[in-house]
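Please look over the sequence and the structure shown below before reading on.

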Amino acid sequence: MELRGVVVVVLASVLVLCCRSVLEAQLQVGFYKSTCPQAESIIASEVRRALASNIGLAAGLVRMHFHDCFVRGCDGSVLIDSTSNNTAEKDSFINNPSLRGFEVIDNAKTRLEAACQGAVSCADILALAARDSAVMTGGVMYQVPTGRRDGRVSLVSDVLPNLPAPTFDVDQLTQSFASKGLTQDEMVTLSGAHTIGRSHCAAFSSRLFDFNSTDGQDPSLDAGYASQLKQQCPQGSNDTSLVAFMDPRSPYTLDTAYYGNILQNRGLFASDQALATDSTTAGLVKQNAAAGGGIAWKRKFSAAMVKMGQIDVLTGSDGEIRSRCRVIN
C-alpha cells in the first residue's frame, strides 16, 4: 500500500508538471503582433508616465504581479473589485493597503481598448507592466511571453493560504515556492525584489516590540537598524499609513543591495533575514551580494520573473478578456 501511494503521488506530480508545460507552451513572445501590435508600447508608456510622478509604483506593480500569480495563477484576479456578494483578493488584509498601482493598469487598459478592443488581457497588462517597472528601475530588459487570459474568480479566502508570509522560515518559503513550480534558487532570486519599495509597519513591528526575547526585539536584527525602524514605526501607534523602505540604501533601484543588507542583519522581514542565516540559502545570498554590478543577478531575476509569470495561466478559450480589469464581463 505504501509503495502504491508513492507511485500515485509521483504520477500526480508528473501530471501537474505536464499540464503546466502545455499551458506555458501556449504563451508566446509577440502574441499580439497581429491583433494589437502597439500593445507593449502603450503599456510601457503608461508605466513610464506613472513612475515619472511616483517612482514607488514600480515596486507596487512588481509586487502586484507576484501576488496575482501566487493566488489562482497569473490570471489578473488580483485586479478584480469586491462586490456586495464577494470580497475579492485585493481586499485581503495582506493586499490592502499594501498593493498599489491599480490605476496604472486601468489607464493602460483604457488605451488598449480604444486601440484594439477586446484583444489584450488584464493578466498580460500586469505581467508587462511588472517587467517595465523592473527595467525602468535598473533591471535588464527581458521578453515576456503573452497570451494569458483573465480569470473570472477572485476570493479573499484564497490569499492567505497561497502567499508566503513575512514571518516564514526558509523551509516554509521553499515549500511555498515549490508548490508554484519554483526552485529554492529562484525563491532567493525573486526575494531580491525587496530591494525596491516599502512595507507598512504592521508587517514587521513584531520584530521590534513583540519578539520572544528579554527586550522584545528580534536578536537577529542589527541594533542600529532596529533603532531607526522604531523611530519610523513607534510602538503603540495606530497610524496605519506608516511605512519603511525595504532597502534604505537604494529604495528605488533594482540592485543587489538587498542581499548586502541581510548579510549585515538589516533584513526588514524575518523571512528576508532567514535567507542569510539558513545554511541552505546563505551561499546564494552571498553569491548575489558579490555579483559585480548586479548584472548576473538581474539576468537571473528576469528569468525567474518569466517563469513565475507562467504559473497556472489561462490560455486558448479558457477565461475571458475583460473589457475593464476591475470587473468580470
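In this predicted model, the largest nonpolar core has 70 residues, and those with the most contacts inside it are Leu79, Leu275 and Met308. Helix H3, residues 57–70, gives the most to this core, with nine residues. A second, separate core has 13 residues, among them Phe209, Ala226, Leu229 and Met246.

**Around Leu275**

- Leaving aside its neighbours within four places in sequence, Leu275 is in contact with residues that include Val170, Leu173, Met187, Val188 and Ser191.
- Further along the chain, the contacts of Leu275 include Tyr258, Ile262, Thr281, Ala282 and Val285.

- Asn212 is found in the loop between H9 and H10, where it is exposed, with a relative accessible area of 78%.
- The C-alpha atoms of Asn212 and Leu242 are separated by 24 Å, and these two residues are 30 residues apart along the chain.

**Salt bridges**

- A search of the whole structure finds 15 salt bridges.
- One of them joins Arg326 and Asp81, whose closest N and O atoms are 3.3 Å apart; because Arg326 lies in the segment after helix H14 (295–308) and Asp81 in the loop between H3 and helix H4 (102–115), the pair ties together parts that are 245 residues apart in sequence.
- Both partners are partly exposed, Arg326 at 25% relative accessibility and Asp81 with a relative accessible area of 26%.
- Asp81 and Arg326 also belong to a network of salt bridges in which they are linked with Lys90 and Asp106.
- Arg152 forms a salt bridge with Glu320, the closest N and O atoms being 2.3 Å apart, and this pair links distant parts of the chain, with Arg152 in the loop between helix H5 (122–136) and helix H6 (159–162) and Glu320 in the segment after H14, 168 residues apart.
- Within this pair, Arg152 is partly exposed at 45%, whereas Glu320 counts as buried at 8% relative accessibility.
- The side chains of Asp132 and Arg131 meet in a salt bridge of 2.8 Å, N to O, with Asp132 buried at 5% and Arg131 buried at 1% relative accessibility.

Notes. Residues are numbered from 1 along each chain as its sequence is written. This is a predicted model: local features need pLDDT of at least 70, side-chain atom pairs count only at pLDDT 80 or more; totals for chains, interfaces and linings use all residues. Side-chain values use heavy atoms; hydrogens and water are left out. A nonpolar core is a set of buried Ala, Val, Leu, Ile, Met, Phe, Trp, Tyr and Cys residues joined through side-chain atoms within 4.5 Å. Buried means under 20% relative accessible area, exposed over 50%, partly exposed in between (1.4 Å probe, protein chains only). Helices (H or I, at least four residues) and strands (E, at least two) are DSSP runs, numbered from the N terminus. Contact means heavy atoms within 4.5 Å. A salt bridge is a side-chain nitrogen of Lys or Arg within 4 Å of a carboxyl oxygen of Asp or Glu.
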